[in-house]
Amino acid sequence: MTTEAKPTIAFTPERLTLAKEIIARYPAGKQKSALLPLLHLLQEQEGWTSPEGMDMVASLLDIQPIEVFEVASFYTMYHLDPVGKHVIEYCRTGPCCLMGGEEVYAHLKQTLGIEAGQTTADGLFTVKEVECLAACGMGPVFQIREQYYTHLTNERVDEIIRDLSA
Amino acid sequence: MGKKILTEHINVAGIETFDVYRKQGGYTAVEKALKTMTPEGVVEEVKKAGVRGRGGAGFPMGMKWSFLAKPEGVPRYLVCNADESEPGTFKDHYLMKNIPHLLIEGMIISSFALGANTSFIYVRGELMYVIRILEKAIAEAKAAGFLGKNILGSGYDLELVVQPGGGAYICGEETALLESLEGKRGNPRNKPPFPAVKGLYQCPTVVNNVESIATTSWIVNNGGDAYAGIGIGRSTGTKLISASGHIKKPGVYEIELGVPVEEFIYSDEWCGGIRDGHHLKALVAGGSSVPILPAELSLKLANGDPRLMSYESLSEGGFQTGTMLGSGGFIVFDETACIVRNTWNFSRFYHHESCGQCSPCREGTGWMEKVLHRIEHGHGSMHDIDLLVDVAKKIEGNTICPLGDAAAWPVASAIRHFRDEFEWHITNPFEATQPGAVYQGHMALV
Ligand SMILES: Cc1cc2nc3c(=O)[nH]c(=O)nc-3n(C[C@H](O)[C@H](O)[C@H](O)COP(=O)(O)O)c2cc1C
Ligand code: SF4
Ligand code: FES
């Protein structure tokens, strides 16, 4: 692949070690199984799964960059475009809506002045709509990175936004 | 008081750690299985227990295990399905987060029974914090000699790998899960071949739900017959129910199968009743995919007998008057809930989650979402109701995987039982689209 541009980003040394550990978990020749975990690792580091990052993952796994993109684009968790510092992913599914989710999410978007899928002008927040997060008894729910925020109310949303803006 | 098998110790402080879990009797089942039983012996106990798959389909676990092909020199795999994405379901999340060692212990026993030396726990990627809890638990178990090479000197080796998903409901379907675990898009495979013959990496594979696997410690400790003595008829043992919606106490409850639905909803031991001042309108008993029932059919069979929380009783009456236990995602609706809006919400979910491989599912889910959106937003026509029924029929049974059926059933059942509510939306578009407006017609509330 002489025409391919060299990957322009790299994992930090700790993440590279972890990436190699992950690849070694699978039977010989099945290293592609590490693709989803590595994409998570990439997103954890870069905030999104950038094309350069996906190229790097492809070279680590010795697969074609297009294979990485094909897979990344199938799943909803990978951000294929740059996102804000905090990505708020709220659950729009039935049970959360029964608990007043629609009102709370409307308040969230109004407070930030954006629609789902958009990022605030200051680059602090991106809001995304997602489906059931397996926390339906604690709805309404959203997730920011690995953390779940449950039993949301308008007041609670204000508080969270305030804390994260500080 | 119902019997607790999975959650007996869940509230013990520190139960997420190896030491506390061990003090509560944890890992004795691994010792018993590896030191005193043969793999076939463990399979036999699980068969006797009659435990049925807790992921939704209810297929007997022991029988599934006995179908596993065992060609010489080919590795076999156990894959735990922790993708938990069926709307209304949050029990596996609860179990793994609070008592991770129960799953690890079950994984060791089940892997031993199946002769697997590398086993996987595929957890939906959104639960990354739970993945970290599981990885910590695995490291503890390994340090204590319960994982790795030559476990407890038995000669049996096992490595456990926790695999994150990438966000896709379809990856809960077992063959899509295997594709995903191989690092591919989550497109379900055609069956046959079944995973028991050609699964992960084309090797014989068993896929089981978290809760199913978690039952095995108790079964090994107490015997399959003891397990079969709990519950009712062919619905043996206990089941975790994820209760959500308009009830006083949403949460995860472990019930002995056979509890009357009415008691489960109204008793203080469980849901605590409908929230104050409100009444039961409808119930989705087993996750968004199962048919919705109106209040009276939720609590009673068509013949007036009480309906029970069991596989058989919930499906009594077929789809005319019954539903399914499914994943145990128990969603309760009071009279403030709009059935049309909820049906539209669910159909949007299935359309969003369809992998797009088969046209009846890809096109049909899109149509249903569109037509339901139009009815909910005051632009529907009477003809649309029949159109929905027709589209649902065309999807059902005509797809590679059961997601198609799962998309069709909520729509078909909502129309079957709440047709007047759909009609009201169409004949009263102005009224119906006012914020918070809900049909108050001749529905039976309980
Ligand atoms: C669209 C779809 C989604 C599913 N999601 C899950 C899931 O999240 N968890 C699960 O255990 N089973 C799920 N299943 C069922 C699995 O295909 C499979 O039957 C199950 O994991 C087998 O385990 P069990 O026999 O222990 O229930 C799903 C099935 C379909 C068709
Ligand atoms: S039924 Fe739907 S989800 Fe299942 S394989 Fe076909 S298109 Fe994909
Ligand atoms: S419906 Fe929101 S977490 Fe399940």
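A salt bridge here is a side-chain nitrogen of Lys or Arg within 4 Å of a carboxyl oxygen of Asp or Glu. With that in mind, select B:R54, B:K91, B:D92, B:E211 and B:K239: salt bridges link them in a network.

Before going on, a quick note: this is a predicted model, where local features need pLDDT of at least 70, side-chain atom pairs count only at pLDDT 80 or more, and totals for chains, interfaces and linings use all residues. Residues are numbered from 1 along each chain as its sequence is written, chains are lettered from A and ligands numbered from 1 in the order written, and side-chain values use heavy atoms, leaving out hydrogens and water.

Now zoom in on B:E211 and B:K91, whose closest N and O atoms sit 2.9 Å apart. Are they buried or exposed (buried means under 20% relative accessible area, exposed over 50%, partly exposed in between, with a 1.4 Å probe and protein chains only)? B:E211 is buried at 0%, and B:K91 is buried at 1%.

Next, pick B:R189 and B:E179, another salt bridge, at 2.7 Å between the closest N and O atoms. B:R189 is buried at 15%, and B:E179 is buried at 13%.

Hop over to A:R156 and A:E159, a salt bridge with its closest N and O atoms 3.1 Å apart. A:R156 is partly exposed at 30%, as is A:E159 at 37%.

Last stop: show both chains. Select A:E146 and B:R132 to see a salt bridge at 2.5 Å.
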